[in-house]
Amino acid sequence: MLDNCKTAKERWGGVSDIIDRWLQERQDALVLYCKLSDHDEFEPLEHGDKVRTLCQLLVDYSSAGHFEVYKQLVKEAHEFDDQAAIDEASGLYTEIDPTTDVILDFNDKYQETDDLTSLRADLSTLGDALETRFSAEDRMISVLHDAHKDLVA
């Protein structure tokens, strides 16, 4: 889709739309995560579907980051010959990758079960991973996309 655009504005302005949709997915997952974290006890009938929905939101969000957003951001930096940003992004990937494992482990554990006995501890671990991930992703957007906004206009 973006490869067919002729001008920098057409090509890289579209990345902002991709990022906006992705950040909305992140917000949706975070809202549900916070709602679940407010509980001290979890009942399968009351909370099971919410946990499975959270799993799906997190996997979709994480996948979109890895397979769509990050690639577009790095491609943009290459297009603007921003080697410093590309190098910094490499370091940010090393922060993000372990958080993907935490998300996938959480999904694997809760997607097909009603056993929520360790959910409180697992939500805490997940929360720490999400905090790390969001921070690294925000820096990635800043370094690989926001830095080129004036060149796109």
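The model is predicted, so local features need pLDDT of at least 70, side-chain atom pairs count only at pLDDT 80 or more, and totals for chains, interfaces and linings use all residues. Residues are numbered from 1 along each chain as its sequence is written, and side-chain values use heavy atoms, with hydrogens and water left out.

Start with the whole protein. Its secondary structure comes to five helices and zero strands. From the N terminus on, the order is α-α-α-α-α. Helices (H or I, at least four residues) and strands (E, at least two) are DSSP runs, numbered from the N terminus. Of the 153 residues, 41% count as buried. Buried means under 20% relative accessible area, exposed over 50%, and partly exposed in between (1.4 Å probe, protein chains only). Among contacts (heavy atoms within 4.5 Å) between residues at least 6 apart in sequence, 80% join residues at least 24 apart.

Now take α3. This helix spans residues 83-110, 28 residues in total. From first C-alpha to last, α3 reaches 40 Å, close to the 40 Å expected at 1.5 Å a residue. That expected span is 1.5 Å times one less than the number of residues. The buried residues of α3 include A85, I96, F106 and N107. What covers the buried residues of α3 includes α2 (44-79) and α4 (119-144).

How does α3 lie against α4? Their axes come within 9 Å and cross at roughly 155°. Axes are lines fitted to C-alpha atoms, for helices over the stretch in contact, and angles run from 0 to 180 degrees between N-to-C directions. The two helices are therefore roughly antiparallel, a label for angles over 145 degrees.

Next comes the core. The largest nonpolar core holds 39 residues, and L54, F106, L123, L126 and L144 touch the most other members. Two or more residues each come from α1 (8-37), α2, α3 and α4. The largest share, 11 residues, comes from α2. Such a core is a set of buried Ala, Val, Leu, Ile, Met, Phe, Trp, Tyr and Cys residues joined through side-chain atoms within 4.5 Å. In soluble globular proteins, nonpolar side chains tend to be buried together.

Leaving out residues up to four places away in sequence, F106 touches V51, L54, C55, L119, D122, L123 and L126. N107 also sits in α3. It counts as buried because its relative accessibility is 13%. Beyond its neighbours within four places in sequence, N107 is in contact with C55 and V59.

Conventions. Angles under 35 degrees count as roughly parallel, over 145 as roughly antiparallel, 65 to 115 as roughly perpendicular and the rest as oblique.
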